[in-house]
Amino acid sequence: MMQSVAGLAKRAGFVTGGTMLAAALLLPVHAHAQAQNGLSNLFGGIFSGQNPAPSQPAPGPGGAQPWSGEDGASGHPLMTASAIREAAGNFNNCVAGMWPDAARRGITQDNFQRFTAGLSPDLRIMDLMDSQPEFTKSIWDYLDILVNDNRLAKGREVLAKYKAQFDATEKATGVDRYIIASIWGIESNYSTQMGDRSVLQSTATLACVGRRQAYFKDEFLSALEILNRGDLRPEQMRGSWAGAFGPTQFMPTAFKRFAVDGDGDGRRDVVDNPTDLIASTANNLKKDGWQAGQTWGFEVVVPKDFNYMLADRAKAMTLAQWEKLGMKRATGQPFPHPAEKAYLLAPAGAQGPGFLMLQNYRVIMKYNPAEAYALAIGHFADRLRGGQPFVQPWPRQERELSRTERLELQQLLAQRGFYKGTPDGQFGGQTREALRNFQASIGIPADGFASSDVLDRLRGR
């Protein structure tokens, strides 16, 4: 999800593209950065100041599901129904007001008018932006769905079909071909699920309506720059509600930073040109710090009675130091480079497998800051390479807490002085730390895993 989020547009808190699945299954962990289409003829009113404002939920493009007409779940003042309607009523003027910024970016007036003509706000995006699913999938269910035999078979076909392109890119950048193929497969199921919303319409909507207008103004103007330069055509720029597009889900600003012309034809086509797609995805990872010749991490057996307070991204140690604490690879093999630094991730707590994560895992997390996403990418890449499934079992007997229960857990942690944030039902690092501190205080493994048993203990049962 190139610079997305589930966004969670990557690095901005939104889920996009193929990783909409990640969001639906597992959010919240991050953002995706990555996420998916009114007022008629926008340009008829852009310079004349006409502002038709919808008083009822606007139908989606092509008869798609309309906006609910309700306040957003975030409670943000710009996500109230009245604020959304007011902003939608000013949509024409908002887009017209971005012309001076577009001109400063070298976009011609003819192209600005051509590419924005007919734009209308897709207010259904407001519901998607603030959606908070009541139930989420467990990390093992998430991995089962994303890393499956059909996707692996297709991935191997893609690796064979574009072997020459992968060879050249791997030689030029040092980025592992299997990671690139993994991102391609998980983001869009190898170009079969890329999203069908207009990137221009989505980013224009988000630039003028809702709670992330400043961020998406840059995305909208960057989308115009891409079209103005001629890298892509408007019909190619279709994707998620947050504006990510193409098989590996570039946000427009990420395209500007990382897209390259892999075959020298003068265009950077990350949608329909596999050479550009592979080279650009690799360039993204390389510039984010990918270390050539290094893997992403190792599945490890965590010793009994281990101090899970050490399972923290900020507490990296060398693999040799982890070994001294009793950590062993689940395969029984030695660590190839004991001096490399890693941190411990225990996504299912003491009941599930542990993972020592290296620098390249952090790079995948920059691509999309959801831990489960990054774990799926790394594991899928290993499977494409010929590796085996994870050795240790997951605690499949555990059920995921509902959003109501997650809210209650945070509220109970706050009442006991462990949680300092605002309860929102979304579990991130702050919730995990609070949970670990509570677990330590009652003498159980402080693994930060939000089980129904921990919730019952908080309730005093």
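**Questions on a predicted model**

Visitor: Is tyrosine 190 buried or exposed?
Guide: A residue counts as buried when its relative accessible area is under 20%. Tyrosine 190 has a relative accessibility of 4%, and therefore it counts as buried.

Visitor: What is the phi of tyrosine 190?
Guide: Most residues other than glycine have a negative phi. Tyrosine 190 is not a glycine, yet its phi is positive, at about 55°.

Visitor: Where does glutamine 249 lie, and what is its phi?
Guide: Glutamine 249 is found in the loop between β2 (238–239) and α14 (252–258). With a relative accessible area of 0%, glutamine 249 is buried. Its phi is positive although the residue is other than glycine, with a value near 60°.

Visitor: Which residues of helix α6 are buried, and how wide is the arc they fall within?
Guide: Helix α6 comprises residues 109–116, and its buried residues are Asn111, Phe112, Phe115 and Thr116. Seen down the axis of α6, these residues line one face of the helix, because they fall within an arc of 110°.

Visitor: Which residues are exposed on the other side of α6, and which glycine follows the helix?
Guide: On the other side of α6, the exposed residues are Asp110 and Arg114. The helix is followed by a glycine with a positive phi, near 85°, namely glycine 118.

Visitor: Why are the buried residues of α8 on the same side of the helix?
Guide: The buried residues of α8 are Ile139, Trp140, Tyr142, Leu143 and Leu146. They lie on the same side of α8 because around the axis they cover an arc of only 155°.

Visitor: What distance separates the C-alpha atoms of aspartate 141 and tryptophan 394?
Guide: Along the chain, aspartate 141 and tryptophan 394 are 253 residues apart.

Visitor: How far is glutamine 351 from tryptophan 394 in space?
Guide: Glutamine 351 lies in the loop between β6 (341–345) and β7 (354–357). It is partly exposed, with a relative accessible area of 37%. Glutamine 351 and tryptophan 394 are 43 residues apart in sequence, and their C-alpha to C-alpha distance is 7.1 Å.

Visitor: With which residue does the side chain of glutamine 351 form a polar contact of 2.9 Å?
Guide: Leaving aside neighbours within four places in sequence, glutamine 351 is in contact with Pro393, Pro395, Gln397, Glu398 and Phe449. The polar contact of 2.9 Å joins its side chain to that of glutamine 397.

Visitor: How are helices α10 and α11 oriented to each other?
Guide: The axes of α10 (residues 163–173) and α11 (residues 177–188) come within 10 Å and cross at roughly 120°. Angles of 65 to 115 degrees count as roughly perpendicular, and those over 145 as roughly antiparallel. The two helices, α10 and α11, are therefore oblique.

Notes
Residues are numbered from 1 along each chain as its sequence is written. This is a predicted model: local features need pLDDT of at least 70, side-chain atom pairs count only at pLDDT 80 or more; totals for chains, interfaces and linings use all residues. Side-chain values use heavy atoms; hydrogens and water are left out. Buried means under 20% relative accessible area, exposed over 50%, partly exposed in between (1.4 Å probe, protein chains only). Helices (H or I, at least four residues) and strands (E, at least two) are DSSP runs, numbered from the N terminus. The arc is that of the directions from the helix axis to the C-beta atoms. Axes are lines fitted to C-alpha atoms, for helices over the stretch in contact, and angles run from 0 to 180 degrees between N-to-C directions. Angles under 35 degrees count as roughly parallel, over 145 as roughly antiparallel, 65 to 115 as roughly perpendicular and the rest as oblique. Contact means heavy atoms within 4.5 Å. A polar contact is a pair of N or O atoms within 3.5 Å; within protein, one must be able to donate a hydrogen and the other to accept it, and residues adjacent in sequence count only if both atoms are side-chain atoms.
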